[in-house]
Amino acid sequence: QVQLVESGGDLVQAGGSLRLSCAASGIIFSIYGMGWHRQAPGKQRELVATITRSGSTLYADSVKGRFTISRDNAKNTVYLQMNSLEPWDTAVYYCTAEIQKYYGANMRNYWGQGTQVTVSS
């Protein structure tokens, strides 16, 4: 089994910062791309940021310059540093990871259970 467990969600005032973490555990041979998505009430889930195993990153336009994604391959963990938070950043944030469980196995995309981020004005 593979599990992704997020942490770090909280209630914060506009202009504040939060750091989300997501640790993958279980039967893991290798982790390729990792990322963060979010879903606000009444809206579709959207991509926030992704990072490759080598560290190449991609961000949604709405978070560029405010959010930073990073990862620690030794800990199978991905982070999302969120600065200058605004009320419209309020959402449930989900981490994802492309995981190969065994050598030669197909990669599969896994999702965490989500962590709530609420930004008050």
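The following dialogue examines how terms are assigned in a predicted model.

Mentor: This is a predicted model in which local features need pLDDT of at least 70 and side-chain atom pairs count only at pLDDT 80 or more, while totals for chains, interfaces and linings use all residues. Residues are numbered from 1 along each chain as its sequence is written, and side-chain values use heavy atoms, with hydrogens and water left out.

Trainee: Why is Leu58 called partly exposed?

Mentor: Buried means under 20% relative accessible area, exposed means over 50%, and partly exposed lies in between (1.4 Å probe, protein chains only). Leu58 has a relative accessible area of 45%, and is therefore partly exposed.

Trainee: Where does Leu58 lie, and what is it in contact with?

Mentor: Leu58 belongs to strand S6, residues 57-59. Strands (E, at least two residues) and helices (H or I, at least four) are DSSP runs, numbered from the N terminus. Contact means heavy atoms within 4.5 Å; setting aside neighbours within four places in sequence, Leu58 is in contact with Leu47, Val48, Ala49 and Thr50.

Trainee: Why is the link from Cys22 to Cys95 called a disulfide?

Mentor: A disulfide is a pair of cysteine sulfur atoms within 2.5 Å. The S to S value for Cys22 and Cys95 is 1.9 Å, so the pair qualifies. The pair links distant parts of the chain, 73 residues apart, with Cys22 in strand S3 and Cys95 in strand S9 (residues 91-100). Both Cys22 and Cys95 are buried.

Trainee: What makes S1 and S7 edge strands?

Mentor: Four strands form an open antiparallel sheet in the order S1-S3-S8-S7. Strand S1 (2-7) and strand S7 (67-72) each pair on one side only. S1 pairs with strand S3 (residues 18-26) over six bridges, and Glu6 stands opposite Cys22 in S3.

Key:
Two strands pair if DSSP finds at least two bridges between them.
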